[in-house]
Amino acid sequence: MLIKIKHLDAENSWNHILEWYKRYHSELKSFNIPYKIFIPDDPRMQEMFQQETLSESQIRYYQDIFINEIYNLSDLTKRDQDINKAIHLFKTMIETRINPLLNAWNATIPETLTIQCEYGRGAGYLSGKKATILFRMSNDNRNAHDIYLLLSHEFVHILIEEQIIQKYKVPQDLKERIVDIIGFDLFNKPVQPMFEQSFANAYITPETIRKNLPEAVKKMMIDYTAQKQTPR
């Protein structure tokens, strides 16, 4: 697998920020997700996100500020040394811990993985042929080992997204718990406390991770759906 690091230019960085603005006010705010994880550490971008609606002139105003006054390529390249150290650990983890489980997950390693450096803090992913880890790193102080854990977590998402998560219509909270259980078991990544008490715990175990993960998730979702439909 070829791993590439990509740094967004000013125009694409702005497009991402605007897209996150729209998603934040349409859905993410209702889950109490903080908007600061999607933007540069700048009060003018915070001001933008605090407004529920923006006119076209306001959008152009904030776009001009971002592109001409805020964006700096060095914001997105400053962690390259740590990212490269993390990639070394990441490749070893894939070879020793992920590859032996591909048959049990009905998964394949993508030919290319892009690590896309963006403004903000945290991470996301794109699955499929254009497998990408979205590393929102401008406000992030993770060390190389923590970046390795982040990359590994998002990579598990990528590997199981289409043929397991989408196929069995796994909701967000159970999806995160499945990946957390796998991450703790395979590379000792701490779990997210908000998902720790989960319906998935009885189904996603070290044994099912190694034996047949799709079947375990299928069984989980059959029981989960039946429980939701049972009158109380």
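1. A pocket is an open set of grid points with protein on both sides within 12 Å along at least five of seven lines. In this predicted model, the second largest pocket holds about 220 Å³ of space. It is lined by 14 residues, and those closest to its centre are Thr108, Gly128, Ile158, Leu159 and Glu162. The lining of the second largest pocket is made up of six nonpolar, five polar and three charged residues.

2. The largest pocket has a volume of about 1400 Å³. Its lining counts 39 residues, with Ile37, Ala123, Arg136, Gln172 and Glu176 closest to the centre. Sorted by class, 18 residues of this lining are nonpolar, nine are polar and twelve are charged.

3. Several elements contribute to the lining of the largest pocket. Helices H1 (10-26), H7 (144-166) and H8 (172-187) and strands E3 (122-126) and E4 (132-136) each supply at least two residues. H7 gives the most, with six residues.

4. H7 also packs against another helix. The axes of H5 (residues 80-98) and H7 come within 8 Å and cross at roughly 50°. Angles from 65 to 115 degrees count as roughly perpendicular and those under 35 as roughly parallel; H5 and H7 are therefore oblique to each other. Their crossing is right-handed.

5. Which residues of H5 meet H7? They are Asp82, Ile83, Lys85, Ala86, Ile87, Leu89, Phe90, Met93, Ile94, Arg97 and Ile98. On the H7 side, the residues met include Tyr148, Leu151, Phe155 and Leu159. The residues of this contact divide into 15 nonpolar, two polar and three charged.

Terms used
Residues numbered from 1 in each chain as written. Predicted model: local features only at pLDDT ≥ 70, side-chain atom pairs only at ≥ 80, totals over all residues. Heavy atoms only, no water. 1 Å grid on protein atoms, 1.4 Å probe; cavity = no way out; pocket = protein on both sides within 12 Å on 5 of 7 lines; lining within 4 Å. Points joined across faces, edges and corners; volume = space filled by probe spheres on them. Helix = DSSP H or I, 4+ residues; strand = E, 2+ residues; numbered from the N terminus. Nonpolar A, V, L, I, M, F, W, Y, C, P; charged D, E, K, R; others polar. Axes fitted to C-alpha atoms, helices over the stretch in contact; angles between N-to-C directions. Parallel < 35°, antiparallel > 145°, perpendicular 65-115°, else oblique. Left-handed = near helix turned anticlockwise from the far one by under 90°. Contact = heavy atoms within 4.5 Å.
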